[in-house]
Amino acid sequence: MSAPPPALPRHLAVIMDGNGRWAKQRQRPRTLGHRAGARAVRTIVEYCLARGIPALTLFAFSSENWNRPEEEVGALMRLFLRVLESEVEELARRQVQLRFIGERSRFPEAIRRRMAEAERIQLPAPRLTLVLAAGYGGRADIAQAARRLAEQVQAGRLRPEDIDEATVGAAMSLADLPPPDLFIRTGGEHRISNFLLWQLAYTELWFTDVLWPDLDEAVLDAALADYARRERRFGLVPEQLASPAPETR
Ligand code: IPE
Ligand code: IPE
Ligand code: MG
């Protein structure tokens, strides 16, 4: 995979928020908003393919979203299953490598099976890595990394003094991808809502009032244009930035 030009994010992380309000504006059930939201996923995937953005992580369902009314959770599960059934092969055909992060044990068996099937498709040179965060929580991600390292210490394979940012980072989700360069949240809220906490340490944040189902290319163009204008300093002073920025993680 050739490196994208520097002004383009190598990894885009998105909180797809506002489906419920989109439906409410139309006096329709929230479920309809989620269905419209699924269509917007296609928009952003096509956009990344067209622009050469190589990695996209979408927050589809948070660990806290399990606490929504049973009816909404059920509708989301049915939608998730339908989307997996209809899109997985087409994504592979378009050279999109699908992956999932988050706790899967609570998902219905049919969904877990589809996830596993989708992940068995390994593309040798994907144009886009599409990560769906489902049942994901940033704190749980940090906790599982801590647990994994503790197990290694207990097994005598790691010394406590060897635990540093690199070892923790390597035990986190998405350790094999560059950290997100750009974070986008639609729906007007200015918060992270337990999305990628560790991985967003130096990510540029961009917020829009546009509701997720209303996402279009112009919104994404605006986010990328803003991103391209930003100065990422990583703690340095501007004069130091002529030399390449240090890797952060
Ligand atoms: C985001 O939209 C989708 C999920 C969390 C699954 P919301 O359902 O949170 O929509 P709003 O925020 O209520 O409008
Ligand atoms: C964040 O949206 C989770 C997803 C988009 C999947 P929420 O709507 O759940 O977040 P809060 O409740 O506004 O913080
Ligand atoms: Mg919301």
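In which strand does Ser62 lie?

Modeller: Happy to walk you through it. Residues are counted from 1 along each chain as its sequence is written, while chains are lettered from A and ligands numbered from 1 in the order in which they are written. The model is predicted, with local features needing pLDDT of at least 70, side-chain atom pairs pLDDT 80 or more, and totals for chains, interfaces and linings using all residues, and side-chain values rest on heavy atoms, without hydrogens or water.

Ser62 lies in strand β2, which covers residues 55-62. Helices (H or I, at least four residues) and strands (E, at least two) are DSSP runs numbered from the N terminus. Ser62 counts as buried because its relative accessibility is 7%; the cut-offs are under 20% for buried, over 50% for exposed and partly exposed in between, using a 1.4 Å probe and protein chains only. Leaving out residues up to four places away in sequence, Ser62 touches Gly135 and Tyr136, where contact means heavy atoms within 4.5 Å.

Ser62 also belongs to the surroundings of ligand 2. A residue is counted there if one of its heavy atoms is within 4 Å of the molecule. Strand β2 gives the most to this shell, with four residues. Phe59, Ala60 and Phe61 are among the surrounding residues too, as are Ile15, Met16 and Asp17. Asn65, Arg68, Arg185, Arg191 and Ser193 also surround ligand 2.

Now for the polar contacts, which are pairs of N or O atoms within 3.5 Å (within protein, one must be able to donate a hydrogen and the other to accept it, and residues adjacent in sequence count only if both atoms are in side chains). An N or O atom in the side chain of Ser193 is 2.6 Å from an oxygen atom of ligand 2. Asp17 brings a polar side-chain atom to 3.2 Å from an oxygen atom of ligand 2, and for Arg185 that distance is 3.3 Å. Ligand 2 exposes 390 Å² when taken alone, and the protein buries 78% of that; such areas come from the Shrake-Rupley method with a 1.4 Å probe, and for residues only the protein chains shown count as cover.

Asp17 takes us on to ligand 1. This ligand has 13 residues around it, and those that come nearest are Asp17, Gly20, Arg21, Arg30 and Arg68. A polar side-chain atom of Asp17 lies 2.8 Å from an oxygen atom of ligand 1. From the backbone, an N or O atom of Gly18 lies 3.4 Å from a ligand 1 oxygen atom. The elements that give two or more residues to its shell are α1 (19-25), α2 (30-51) and α3 (70-93). Helix α1 supplies the largest share, three residues.

Met16 is found in the loop between β1 (11-15) and α1, and counts as buried because its relative accessible area is 16%. Apart from neighbours within four places in sequence, Met16 is in contact with Leu58, Phe59 and Ala60, and also with Val41, Thr186 and Trp212. The C-alpha atoms of Met16 and Pro213 are 8.5 Å apart, although 197 residues separate the two along the chain.

Thr208 is found in the loop between β6 (204-207) and α7 (217-229). With a relative accessible area of 11%, Thr208 is buried. A polar atom of the Thr208 side chain lies 3.1 Å from the backbone nitrogen of Val210.

One last stop is the loop between α1 and α2, where Gln27 is found. Most residues other than glycine have a negative phi. The phi of Gln27, however, is positive, near 50°. Gln27 counts as exposed because its relative accessibility is 70%.
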